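Subject: Structure for you to look at, with notes on helix packing and pockets

Dear colleague,

Here is the structure I promised to pass on. Please have it open beside this message, as my notes follow directly below it.

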Amino acid sequence: MKVVNLPLFTFDKMCVKMTSMGDEIMVKYLKEFALAVLAGMAISIGCVVYLSVENAVAGSILFSVGLLTVLSFGLNLFTGKSPYIVKNPPSYILFTLLVWLGNFVGTGISAALVHFTRVNDKIIEKCTSIAQTKADDSLISLFILALFCGMMMFIAVDAFNNQGEKKNFSSSLIVVFCVSVFILAGFEHSVADMFYFMLALNFKEWILPLIVITLGNVVGGNIFCLLAKLKK
């Protein structure tokens, strides 16, 4: 009787391999989450600058430092990643949810830190007014304004990324204009609103508006992304 020599692949080795793969996946997602937290903090800095400046046009231009930081350092911003859901497999949705959560944590940390500074006294009244206006708005209004913002964010991010390695002043200028437009027009940016809401209002007042704004950003960004894809 011929004896068949099977490769040694014991249960222990399987466990070790699975653990190693699990660790790699965990490290990957922790990295993506950390990049999302940093993106939330970058946008929060833009919010603080905007709130600190009396001139709305100047404030909207300076706010763009947040998105420029995100794009220049490859950070994970929900409104920069979610427009590409239509171009990716369903698993990409889980990635965008992770990014949203990371942005939420980043803006929450930033809002908490600002509370302990003298800057808080300077901006809190303006921030509360902005946040309350959003919280009191109708859900359909918030959704439509967020939809337009999602479109502007796709234009800014896609135009910047399409420059490849040859990014120059014009790349940054596109971002600045798109950011200034959505701010001055009163469009709703979910990550910026996370900061405004957490700095000024209690949880019950803003959770539903934030969900609607998030959905509006997703729909707007993906509509524009889909149209751009069809053109190609």
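Helices α2 and α7 are oblique to each other, and since this is a predicted model, please read that and everything below as computed from the prediction. The two helices, α2 covering residues 56–73 and α7 covering residues 169–184, pack at an angle of about 125° with their axes 8 Å apart, and their crossing is right-handed. On the α2 side the contact is made by Ala56, Val57, Ser60, Ile61, Phe63, Ser64, Leu67, Leu68 and Leu71, which meet Ser172, Val175, Val176, Val179, Ser180, Phe182, Ile183 and Leu184 of α7. By class, the residues of this contact comprise 13 nonpolar and 4 polar, with no charged residue among them.

The axes of α5 and α8 come within 8 Å and cross at roughly 110°, which makes α5 roughly perpendicular to α8, and the crossing is left-handed. From α5 the contact draws on Asn120, Ile123, Ile124, Cys127, Thr128, Ile130, Ala131, Lys134 and Ala135, while α8 contributes Asp193, Tyr196, Phe197, Leu199 and Ala200. In this contact 10 residues are nonpolar, 2 are polar and 2 are charged.

The lining of the largest pocket has 9 nonpolar, 3 polar and 4 charged residues.

The second largest pocket has a volume of about 200 Å³, and of the 13 residues that line it, the closest to its centre are Leu71, Gly80, Lys81, Val157 and Asn161. Two or more residues come from each of α2, α3 (78–81) and α6 (139–161), with α2 giving the most, at 3 residues. Leu71, listed here near the centre, is also one of the α2 residues that meet α7. By class, the lining of the second largest pocket divides into 8 nonpolar, 4 polar and 1 charged.

With best wishes

Notes: Residues numbered from 1 in each chain as written. Predicted model: local features only at pLDDT ≥ 70, side-chain atom pairs only at ≥ 80, totals over all residues. Heavy atoms only, no water. Axes fitted to C-alpha atoms, helices over the stretch in contact; angles between N-to-C directions. Helix = DSSP H or I, 4+ residues; strand = E, 2+ residues; numbered from the N terminus. Parallel < 35°, antiparallel > 145°, perpendicular 65-115°, else oblique. Left-handed = near helix turned anticlockwise from the far one by under 90°. Contact = heavy atoms within 4.5 Å. Nonpolar A, V, L, I, M, F, W, Y, C, P; charged D, E, K, R; others polar. 1 Å grid on protein atoms, 1.4 Å probe; cavity = no way out; pocket = protein on both sides within 12 Å on 5 of 7 lines; lining within 4 Å. Points joined across faces, edges and corners; volume = space filled by probe spheres on them.
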